[in-house]
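Subject: Structure handover

Hello,

Here is the structure we talked about. Please open it and keep it beside this note while you read.

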Amino acid sequence: MNLITKFNLILFFTFTISFTIGGYYSYQLTEDNALQQVTDQAELIMQEALAIRSYTVNEIRPLLNKNNDGLFHPQTVPAYSATQTSNLVRKTRPEYIYKEAVFNPTNPRNNATVREEKIINKFKADPKLVKQVGSYTLRGKKSHYIAYPIKITNPKCLGCHSSSENAPKAMLAIYGDKGGFGWKLNEIVGTQIVVVPYKLPAKLARKTFYSFLVALALLFMTLFIVINIMIRILVLKPITVMTQLADNLSKGNITGSELEILGEDEISDLSRSFNRMRRSVIKIIQILRKQKKSGQ
Ligand code: HEC
């Protein structure tokens, strides 16, 4: 096997190993990044929902209550405003969901689905659990969710959610007396859940991953070509010339010029030594030839 084939085989193995290890780690990294991105998005939506809730309680409710018109305004209810604004966003981004899901809710749209029921039951079973994160397929698309428990810690909540007898009549006129009652202090009644699609970050992650692989392959290809050219010019060419000269010399052919010395590397050192050796061999050959002549 010649030198260049050996070099190329070593390069090829190095490339394959680096490609596999680098590819594996970069895949993990881009997947982690995609997950981080969707989690961030979900957290942001959750923060926005919480902000809308407190805006409702602190700014909208006092204003509307001033009216004292005897009417019940759902706009004063934080669960209403957070869900309502999120539903407006869903008109253009249907995959993004914010929901306050409970069993037997005041407003039927807040009814927990089977999946949400499982999340709520997990919170109920483990009161120390403050957050659940996971993913599932929603209408054929992979989605990511974060969920927090809804715990009744404020006795004021019971003014509307304990029983229909205690709830404001104006509220019952709108919502009826069936849902949203029977809640107790410190009870976990539901979950605040945000669902975000995984499609876009996953697509971006895959794109980053493929670009990395292409860049790695290009880098290796360039290296491969450059190393091949360098080996041919710097090593193989001088060695071929030296071999030819040594061949000639071994056959007693002392014509031809000395090796050209270029630069100051190991090959030029070898060429210099070779030239010295050639001169000595030529001298010996000449002496031998003279002796042969005078002997005749
Ligand atoms: C003035 C009455 C009132 C008070 C006080 C009140 N709520 Fe509500 N709550 C409502 C109404 C009405 C709805 C339905 C809103 C809608 O149409 O989406 C609701 C809905 C909810 C929902 C969504 C699920 C459902 O039942 O539809 C949650 C969760 C909730 N409330 C939690 C609370 C918590 C926690 C408190 C105390 C901090 C509280 N509520 C205090 C009236 C009230």
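In the hairpin of β2 and β3, which residue takes a positive phi? Arg139 does, with a value near 45 degrees. The hairpin has two residues between its strands. Please bear in mind that this is a predicted model.

**Overall layout**

The chain has seven helices and four strands. Along the sequence they come in the order α-α-β-α-β-β-α-α-β-α-α. The radius of gyration is 41 Å, whereas the globule rule gives 19 Å for 296 residues, so the chain is more spread out than a compact globule. Along the principal axes, the C-alpha atoms fill a box of roughly 140 × 35 × 30 Å.

Buried residues account for 33% of the 296 residues. The chain exposes about 19,300 Å². Carbon and sulfur atoms supply 62% of that area. Of the contacts with a separation of 6 or more, 63% are between residues 24 or more positions apart. As for charge, there are 39 positive and 22 negative ones. Their mean positions lie 7 Å apart.

**How the strands pair**

Strand β2 covers residues 132–138, and strand β3 covers residues 141–151. The two run antiparallel and are joined by seven bridges. Gln132 stands opposite Ala147 in β3. Val133 has Ile146 as its bridge partner there.

Next, β3 pairs with strand β4, residues 188–197. This pairing is antiparallel too, over nine bridges. Lys151 has Ile188 in β4 as its bridge partner.

Then comes strand β1, residues 97–102. Six bridges join β1 to β4, again in the antiparallel sense. Lys99 stands opposite Ile193 in β4. Taken together, β4 pairs with β3 and with β1, while β3 also pairs with β2.

How many of the ten residues of β4 are buried? Ten of the ten are, so the strand is largely enclosed by the rest of the structure.

**Strand β3 and Ser143**

Ser143 is in strand β3. Is this residue buried or exposed? It is buried, at 2% relative accessibility. Its contacts, without residues up to four places away in sequence, include Gly134, Ser135, Tyr136 and Leu138. Val195, Val196, Pro197 and Tyr198 touch Ser143 too.

**Strand β2 and Gly134**

Which residues form the covered face of β2? They are Gln132, Gly134, Tyr136 and Leu138. The uncovered face has Val133, Ser135 and Thr137.

Gly134 lies in strand β2. At 14% relative accessibility, it is buried, as the cut-off is under 20%. Beyond its neighbours within four places in sequence, Gly134 is in contact with Ser143, His144 and Tyr145. Compare Arg109, which is 25 residues from Gly134 along the chain. The C-alpha atoms of that pair are separated by 23 Å.

Best wishes

Conventions: Residues numbered from 1 in each chain as written. Predicted model: local features only at pLDDT ≥ 70, side-chain atom pairs only at ≥ 80, totals over all residues. Heavy atoms only, no water. Rg over C-alpha atoms; globule rule 2.2 N^0.38 Å. Buried < 20%, exposed > 50% of the residue type's maximum accessible area, 1.4 Å probe, protein only. Contact = heavy atoms within 4.5 Å. Areas by Shrake-Rupley, 256 points an atom, 1.4 Å probe, with all protein chains shown as cover. Lys, Arg positive; Asp, Glu negative; His and termini not counted. Charge placed at Lys NZ, Arg CZ, Asp CG, Glu CD. Pairing = 2+ DSSP bridges.
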